[in-house]
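Dear colleague,

Please find below the structure that I am handing over to you. My notes on the fold, the pocket and the backbone follow it.

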Amino acid sequence: MDGAGEAFFAALIGGRVIGVCGLNVDPYTPAQGVGRVRHLYNLLAYRRLGVGRQLVSRVIETARGRFDILRLSNAESGGGPAL
């Protein structure tokens, strides 16, 4: 995740990583300006505390001006909706 506009975020509590999320250029579309939200994980013990929301908010902030569309996919959704 070292391309233009790409980033990786980690949520920490007391120096411990409790959640992560990344942003990169979507490699599965030829369209320009499409970003992909990657590897959104949050430790079970820290769910329902807003950690995931904060990580995704940071991704969206970082994507502004670089990507017109953000895509999220997971094992259940296949391609996933645009954000």
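How many bridges join strand 1 to strand 2, and do they run parallel or antiparallel? Seven bridges join the two strands, and the sense is antiparallel.

Before the details, two remarks on the basis of these notes. The model is predicted, so local features need pLDDT of at least 70 and side-chain atom pairs count only at pLDDT 80 or more, while totals for chains, interfaces and linings use all residues. Residues are numbered from 1 along each chain as its sequence is written, and side-chain values use heavy atoms, with hydrogens and water left out.

Fold

The chain holds one helix and four strands, in the order β-β-β-α-β from the N terminus on. Helices (H or I, at least four residues) and strands (E, at least two) are DSSP runs, numbered from the N terminus. Two strands are taken to pair if DSSP finds at least two bridges between them.

The four strands form an open sheet with the order 1-2-3-4 and mixed pairing. Strand 1 (7-13) and strand 4 (69-72) stand at the edges with a single partner strand each, so one side of each is left without a neighbour in the sheet. From one strand to the next, the twist averages 20°. Helix 1 (residues 51-63) packs on the sheet and touches strand 1, strand 2 (16-25), strand 3 and strand 4; its direction makes about 30° with that of strand 2. Here contact means heavy atoms within 4.5 Å, and axes are lines fitted to C-alpha atoms, for helices over the stretch in contact, with angles from 0 to 180 degrees between N-to-C directions.

Strand pairs

Strand 2 and strand 3 are joined by six bridges and run antiparallel, with Asn24 opposite Arg36. Strand 3 (residues 34-42) pairs with strand 4 in the parallel sense over four bridges, and Val34 stands opposite Ile69.

Burial is defined by relative accessible area: buried is under 20%, exposed is over 50%, and partly exposed is in between (1.4 Å probe, protein chains only). Seven of the ten residues of strand 2 are buried, whereas buried residues make up 30% of the 83 residues in the chain.

Pocket

The largest pocket has a volume of about 160 Å³. A pocket is an open set of points on a 1 Å grid over the protein atoms alone, where a 1.4 Å probe fits, with protein on both sides within 12 Å along at least five of seven lines; lining residues have an atom within 4 Å of a point. Grid points are joined across faces, edges and corners, and the volume is the space filled by probe spheres set on the points.

The lining includes Leu40, Tyr41, Arg47 and Arg53, and strand 3 and helix 1 each supply at least two of its residues.

Backbone

Two residues other than glycine have a positive phi: His39, near 50°, and Arg48, near 70°. His39 lies in strand 3 and is partly exposed at 37% relative accessibility. Arg48 is found in the loop between strand 3 and helix 1 and is exposed, at 85%. Arg48 also belongs to the lining of the largest pocket.

With kind regards
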